[in-house]
Amino acid sequence: MDYLGIDALVNGIIGSSEAVKQDLGRRLAAHLGLNPGQAGKDGGIDGDGILNQKRIYFQCKLYRTPLDASFTADFCGNLVIHKVDIGIMLSGVGYTQGYSTRLQKFHNNYPQSITTHLLKLEDIFAETLVFEKAKLDLPQLRDLREGYFD
């Protein structure tokens, strides 16, 4: 898919209703080889899984603006609460410097080693290097055209 197609797809997704975005978050978790979170109130778990005895946590926030530092505490708190080894955050359009700075402070101050991946929708659709790196910590991708949600 070319850049214009990806841009149109991303803009269509981030402009969707909350119900549609929640369903897409669950479908993206499934595409990433994870177990989708519950529909409706999911307690902050949009997906989870295990790979090589490592627990994986997935959270998806498909907003029109980059996620700022206020979202970092929620993500990091869920990493600790759910005792995971790998955390993946998927944003609609990216992250502010404040988000990245606060996440780095978490990594510097938390004794347990947790690998985190910050993805944007564009990373998944364009299969960027950031996405390729994250895939190394994920189960095999699923092709959702095979009726996973039917």
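**View 1. Arg-27 and Asp-23 both belong to helix 2, where they sit 4 residues apart, about one turn of the helix.** In this predicted model, the side chains of Arg-27 and Asp-23 meet in a salt bridge, with a nitrogen-to-oxygen distance of 2.8 Å.

**View 2. Glu-18 and Lys-21 form a salt bridge in which the closest N and O atoms are 3.3 Å apart.** Both residues lie in helix 2, which covers residues 18–31, and they are 3 residues apart, about one turn of the helix. Glu-18 is exposed, with a relative accessible area of 53%, whereas Lys-21 is buried, with a relative accessible area of 9%.

**View 3. In helix 6, which covers residues 129–135, Glu-132 and Lys-135 are 3 residues apart, about one turn of the helix.** Their side chains, those of Glu-132 and Lys-135, meet in a salt bridge with an N to O distance of 3.3 Å. Glu-132 is partly exposed, with a relative accessible area of 30%, and Lys-135 is also partly exposed, with a value of 27%. For the model, the count of salt bridges comes to 3.

**View 4. An open sheet is formed by 5 strands in the order 1-2-3-4-5, and the pairing between them is mixed.** Strand 1 (35–36) and strand 5 stand at the edges, and each has a single partner strand, so one side of each is left without a neighbour in the sheet.

**View 5. Helix 4 lies across strand 4 and strand 5, and runs at about 165° to strand 5.** The helix holds 13 residues, numbered 97–109, and at 1.5 Å a residue it should span 18 Å, which agrees with the 18 Å that separate its end C-alpha atoms. The buried residues of helix 4 are Tyr-99, Leu-103 and Phe-106. When helix 4 is seen down its axis, these buried residues fall within an arc of 50°, so they line one face of the helix. On the other side of helix 4, the exposed residues are Gln-97, Lys-105, Asn-108 and Asn-109. The buried residues of helix 4 pack against helix 3 (70–81), strand 4 (86–91) and strand 5 (115–120).

**View 6. Thr-96 is found in the loop between strand 4 and helix 4.** This residue, Thr-96, is partly exposed, with a relative accessible area of 27%. If its neighbours within four places in sequence are left aside, Thr-96 is in contact with Pro-66, Leu-67, Asp-68 and Ala-69. Although Thr-96 and Ala-69 are 27 residues apart along the chain, their C-alpha atoms are separated by 7.2 Å.

Note on methods:
Residues numbered from 1 in each chain as written. Predicted model: local features only at pLDDT ≥ 70, side-chain atom pairs only at ≥ 80, totals over all residues. Heavy atoms only, no water. Helix = DSSP H or I, 4+ residues; strand = E, 2+ residues; numbered from the N terminus. Expected span 1.5 Å × (residues − 1). Buried < 20%, exposed > 50% of the residue type's maximum accessible area, 1.4 Å probe, protein only. Arc of directions from axis to C-beta. Contact = heavy atoms within 4.5 Å. Pairing = 2+ DSSP bridges. Axes fitted to C-alpha atoms, helices over the stretch in contact; angles between N-to-C directions. Salt bridge = Lys/Arg side-chain N within 4 Å of Asp/Glu carboxyl O.
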